[in-house]
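Subject: Structure for your review

Dear colleague,

Please find below the sequence and structure that I am handing over to you. I would be grateful if you could look at them alongside the notes in this message.

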Amino acid sequence: MKKIIGYLAGIIIVFFSFDVADVFAQNCSWRSYIDLPTANISDGFFVNFNGGYALSSEAVNKFDVNGSIEYGMSGFIAGLKVYTEKTFCLDLAYQIMEQSGSFPSLSLGIENITNKSHVSPLGETGLIDELYSPRPPEVASAYLVATKELSSKVEMTFGLGRGRFVGYGPRSKYLNIDAFSDEKHEDFGVGLFGGMKFSFPVGAAFILETDGRDANMGFRYEAGIWKSTLSLDKIEHFFAGSDSLINAPWLSLSLSFNPVGSVGKADEKGTLRITLKDKSSGRRIPGKIIVSKGNVEQNFDILTTKETVLQLEPDVYKITVFSAGYKMKTANIPVKARGDLDFEISLSKVINPVVKQSMDLTKAAATDYKYGRLKEARKKLEEAIALYPKNTKAQKGLQLVKKAFADNIDSLKNKARAREGSGDIRGAITLWEQVLAWEENPAATQKHIQSLRDRLAAGSRKPAMTRTTPKVTKKAPVKKEPSLSKQQIADLYTKGLSAYFDGNYKQAIKYFQQVLSADPTHSQAKRYLGEAKEH
């Protein structure tokens, strides 16, 4: 496509430098750019006028007015042009196909069906244009033309035609098949033609076009049933030299309208307004919209600066909206006559598969946490963070799970120490073993459990047999009552164990000494006091 556009631009530049006089054959039609036909055919009845003014003071005819009427229906259009009171021409065209995807609209046509071989909007005036030799006859100028909307702002037309589309100027001669022959076949020669339309907001457009006869440029404005074009025609004569001033460029104004209704039922068209936004942030994002009906597709840009407004005939359209990095959305939208639909479409970003897996793990971990399955929750959250380190939900969840772990461990330790304080060594071992299942670094707990097992084993050993000796009765010593209550001693002992297992040995020694001061016979306090002093 870029090669075609470049080729067409080159053709236009070549014709800007023409230095010969060509036939002035200004067309007058709703479906034309300026002078060249397009493949776009509209239904309706159209009235067209064209007025031209010669910029050269030496021109024989300074002013000219042409007119035509056209009627289009179901892809077929017929037109009658009136150049002078004696010069009438019939034009016919049929649209073979409408634009669909990458395929352009395509039309066949034939212009200047009349009883004269040579036809000019100026009539038979004897101008150099009409005396140009060889001059291919304009009668029955058949053509094949394609029109493609490259975007919502750029449209391109390219075609082949005979008759009025063929020229033999120093440069234009390379645009017809005679460029490959030493002879000229003006009756059967076929030439290239093409143009581009650049659309702007509110119905304005800039047009460039060229064929084997002339090059034109102009501005167009469309509004409802009206279409007007101000153009500078035959601009190649600016570069043709003084010998061609009699055929200097013309300034033309064309006006077309549909007196019985708007083009293609425009008054019945519905309006579709599209704004595209990011679902999470709510900010506007750029994108594209594809409007499909049957095999016909139209593409439009969606800007961040304003909403996209589409005028569509009443029907049900498949609307597809997409933007880079976002999930595409598709919907069937019914457009009613004179209806006004306003859509604010929010798109969600496409999630990376790894990120999605991390999010799924986080969601599953939340369920585990809810039902107290902390180990499973911690494992899933750690995997989620490893997959996607920026997963803030997983990071916060892991903090909650770790806190729950710590609370459970502290609760079990406190219960185990209370059992030890009450002398229930077996029960304490059971609780300490539960602590092992939760702790990440259980070395200290394992050592303590082993010491409790050793104590339990030592207490279960039977004393060795000794010889019987005479029993000496001694007077029992007076038992010293503890200075603290049993509950106060048990609390001090539990605090000492807690300090001991937290590694705070100085504080543990203090608590154990207080216990022994109140109850010197407290064997467990003696044992842990000794172990604490060893540290």
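This is a predicted model: local features need pLDDT of at least 70, side-chain atom pairs count only at pLDDT 80 or more; totals for chains, interfaces and linings use all residues.

The protein has 535 residues, of which 44% are buried. Its secondary structure consists of 10 helices and 19 strands. Of the contacts between residues at least 6 apart in sequence, 58% link residues that are at least 24 apart.

The barrel is closed by 12 strands, which follow the order β1-β2-β3-β4-β5-β6-β7-β8-β9-β10-β11-β12 with antiparallel pairing. From one strand to the next, the twist averages 20°. As one example of the pairing, strand β4 (residues 87-97) and strand β5 (residues 105-113) run antiparallel and are joined by six bridges. Within this pair, Tyr94 has Leu108 in β5 as its bridge partner.

I also examined helix α5 (residues 392-421) and helix α6 (residues 425-438), whose axes come within 8 Å and cross at roughly 165°. Angles over 145 degrees count as roughly antiparallel, and α5 and α6 are therefore roughly antiparallel to each other. The crossing of α5 past α6 is left-handed. Residues of α5 that take part in the contact include Phe405, Ile409, Leu412 and Arg419, while those of α6 include Leu431, Trp432, Val435 and Trp438. By class, the residues of this contact comprise nine nonpolar, three polar and five charged.

With kind regards

Key:
Residues are numbered from 1 along each chain as its sequence is written. Side-chain values use heavy atoms; hydrogens and water are left out. Axes are lines fitted to C-alpha atoms, for helices over the stretch in contact, and angles run from 0 to 180 degrees between N-to-C directions. Helices (H or I, at least four residues) and strands (E, at least two) are DSSP runs, numbered from the N terminus. Angles under 35 degrees count as roughly parallel, over 145 as roughly antiparallel, 65 to 115 as roughly perpendicular and the rest as oblique. A crossing is left-handed if the near helix is turned anticlockwise from the far one by less than a right angle, and right-handed if clockwise. Contact means heavy atoms within 4.5 Å. Ala, Val, Leu, Ile, Met, Phe, Trp, Tyr, Cys and Pro count as nonpolar, Asp, Glu, Lys and Arg as charged, and the others, Gly among them, as polar. Two strands pair if DSSP finds at least two bridges between them. Buried means under 20% relative accessible area, exposed over 50%, partly exposed in between (1.4 Å probe, protein chains only).
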